[in-house]
Amino acid sequence: MNLIALASVLFGIGLLGVLVRRDIVAVLASIEVMLGGATVLLVGLGVSVRGASVSIEGIALMVVVVIAAEAAVALALLVAVARRMHTTRIDDLTEVKG
Amino acid sequence: MGVFVTAPWISVALPVLLAVIVVFLGRVSKVLVPWIASLGPLAVLATGVGSLLAIPKPGARWFDAGFSARVEPWTSTLASQGQVVWFKVGALALTVGWSVDTLAAVMLVVVGVVALMVMIFSVGYMHGDSGWARYYALLCLFTGSMTLLVIGNSFTTLFIGWELVGACSYLLIGFWYQKPSASRAAVKAFLTTRVGDIGLLVGLGVLWAALGTLGYVPVMAGIGRMSPAVVTTVAICIAIGAIGKSAQFPLHIWLPDAMEGPTPVSALIHAATMVAAGVYLIARTWPLFEAAPAAQTLLLTVGTISALGAGLAAIAQHDIKKVLAYSTISQLGFMFAALGVGAWTVAFFHLVTHAAFKAMLFLASGSVIHGAETQDMREMGGLRKAMPVTFVIWLIGVGALVGIPPLSGFFSKDLVLDSVWAKQPLVAMLLFATVFVTGLYSARATRLTFFGERRVEGHAHESGASMLVPLAILAVPAALLGFAGPWLFERLGELPEKLSVPISGIAVAIALAGVAAGWLMEAGESADEALESRFGLAWHASQSAFGWNAVVDTLVVRPTVAACRILWSIVDRFLIDGTVEGSAIFASWLGKIGSSWETGDVQNYGALIALGVAVLLAVTLWMGR
């Protein structure tokens, strides 16, 4: 139960960060926090469901690896954006404005 | 010649075909155009003369006195007839066909002769005009259409020809379409006659509803089966059509304006043939009018008003063609008056003589205009020396118009006076007054044009042979056609009226008095200005034809335009344009609202997504409770 609460708090902090921080790096970090919350939730729920044939911890580890890969790709994109647009502020990137 | 008699539709088809050929021929050889085009009137003439020869002289159909009640559509045995079904709707079939009796054959001769003379005359008159081929093509088309109108054996056929000659008239009045006044006059002529045409169309609709047929024969046979009210309605509607076409009061205003067209066109269409179509139509369908006294009264009233009013309006005109135009309305008024007392043969006789002398007068005025290079009589004068042949021919025409014996107009006009005097002496008084007025304006125009000295600088010259020869040829019937009266009446199967000597004597005396008055009127230099200052109001009333144009303008044209403007602003601008433009404005407004949500800011989208998820979650939880 405590783990689920922790996961919710992490996710909430991450979401808040994504929505209010203006720096893209901070936004990306916030996304990582949200993903961390999700992973914690996975582990927490896995603990409460005993007797499952798969190893929750194994899956959680794999998720962490995927998150790391995602972060690498996102950072690469971020570098490309920063070079091209000469900014890392998210509210300057409004190319799709209608 | 035989084929033109047995199949008179060739005389319709050939001119129409020639009209097409001439247009293309004009690009190859300008010289050939009049020769080829003249084949059209020649065919019509062949049909007319051939049919007259083919129709046997009628037997003894004479009545003791007065005009017999004609109950058949045909005035004699038919030279030929035939018809085809145009189209069928259920059990009802609309047929078109032809029947050539004496009435039609005489009319065809008139059309053929005048059209031929006009085509020859135009060789000189229209020489070097850029619309040469178009001009002859339209003349051909008109000849064919007029023939169709004449030989038709049903109202349907007649109506097709009726509208076609109207269209040709429109095109020829507006022949010099670069002149704004000409194109305006063309539109005016078309719209004004259209008012009459609507009347005719309504009449045909009533006939169709009552009898289910529009052939002359079944209609005349069915008169007894229709109630008198229906017959009267039909006759009055047909009379309205004839009034529009024959430029009678109150629909006469288009004819003076129609003088914007080339002068030979005025001679052919607006003096001899098309404007006479109204009289022809009524003579053709006379049994209907025989059964509708109210319609006869209408014809008599309209004819008398037109005869006197247009005669008075001709007095103060400056344009030589305008004088002739008002004179034409006046003479057509005589024909209508004769129709109004039942003397349809007399009306037709006057139609024939008038066609000859008025076509000639118009062509003579064309010769004058060509020679003096002006239409304004104030700028003419003394032309008898420069144009002696035209002068003599003009005198013959004017003599016939005024009614000097033994010229043609004397016989026909006095027969009209006789017939009206016998039935309506009071109305006949008005026509006698018109005879005086006719003498007056004829003498004034003659003196202004041909006598005295030329009033402006300019060298007038006599016209060439192509213009003088048709004039000379037309002078023969214009002078002598009066003696053909008994022959015509016999062929039409109606009692020939005897000229009553007292009436003739009085008429000639009155006419001569008018001539003398008209002659004295223009005595001395600038007599017009003196008259204008002396009879200011009356002179202006005559010059503006009693302001009827302005009356029509105020009562009909302006309200119509205003109503159209209101309709335009409400229905067109507001309802139709409003719907179309409004839907576009609505779509664009919707797009603006929608696009304002697309800020391009990722965090806005993110917030909305989060909100959406939260809402969905809340709904799911609440629903699943």
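**Group meeting: a two-chain predicted model**

Let me start with a strand pair in chain B. Look at Gln81(B): its bridge partner in β2(B) is Ser99(B).

Now the core. The largest nonpolar core has 205 residues. Which residues have the most contacts inside it? They are Val114(B), Val279(B), Ala338(B), Ala347(B), Ala359(B) and Met360(B). Which helix gives the most to this core? That is α5(B), residues 102-125, with 20 residues. In soluble globular proteins, nonpolar side chains tend to be buried together.

Take Ala347(B) as a close-up. Set aside its neighbours within four places in sequence. Ala347(B) is then in contact with Val279(B), Ala283(B), Met335(B), Ala338(B) and Leu339(B). Two of those names, Val279(B) and Ala338(B), were also on the list of residues with the most contacts in the core.

On to chain A. Chain A has 3 helices and 0 strands. From the N terminus, the order is α-α-α. What are the dimensions of the C-alpha trace along its principal axes? About 55 × 25 × 25 Å. The radius of gyration of chain A is 17 Å, while a compact globule of 98 residues would come out near 13 Å. Burial next: 8% of the 98 residues in chain A are buried. Now contacts in chain A with a separation of 6 or more. Of these, 53% are between residues 24 or more positions apart.

How do the chains meet? 10 residues of chain A are in contact with 10 residues of chain B. On the chain A side, 5 of them are nonpolar, 2 polar and 3 charged.

Last, confidence in chain A. The average pLDDT is 87, and 93% of the residues score at least 70. Where in chain A is confidence lowest, and where is it highest? Helix α2(A), residues 24-48, is lowest, with a mean of 88. Helix α1(A), residues 2-20, is highest, at 91.

Notes: Residues are numbered from 1 along each chain as its sequence is written. Chains are lettered from A and ligands numbered from 1 in the order in which they are written. This is a predicted model: local features need pLDDT of at least 70, side-chain atom pairs count only at pLDDT 80 or more; totals for chains, interfaces and linings use all residues. Two strands pair if DSSP finds at least two bridges between them. Helices (H or I, at least four residues) and strands (E, at least two) are DSSP runs, numbered from the N terminus. Two residues are in contact if their C-beta atoms, placed from the backbone, lie within 7 Å. Ala, Val, Leu, Ile, Met, Phe, Trp, Tyr, Cys and Pro count as nonpolar, Asp, Glu, Lys and Arg as charged, and the others, Gly among them, as polar. The radius of gyration is taken over C-alpha atoms; the globule rule is 2.2 Å times the number of residues to the power 0.38. A residue is buried if 20 or more other C-beta atoms lie within 10 Å of its own, exposed if 12 or fewer, and partly exposed in between; C-beta atoms are placed from the backbone. A nonpolar core is a set of buried Ala, Val, Leu, Ile, Met, Phe, Trp, Tyr and Cys residues joined through C-beta atoms within 7 Å. pLDDT is the predictor's confidence in each residue, from 0 to 100.
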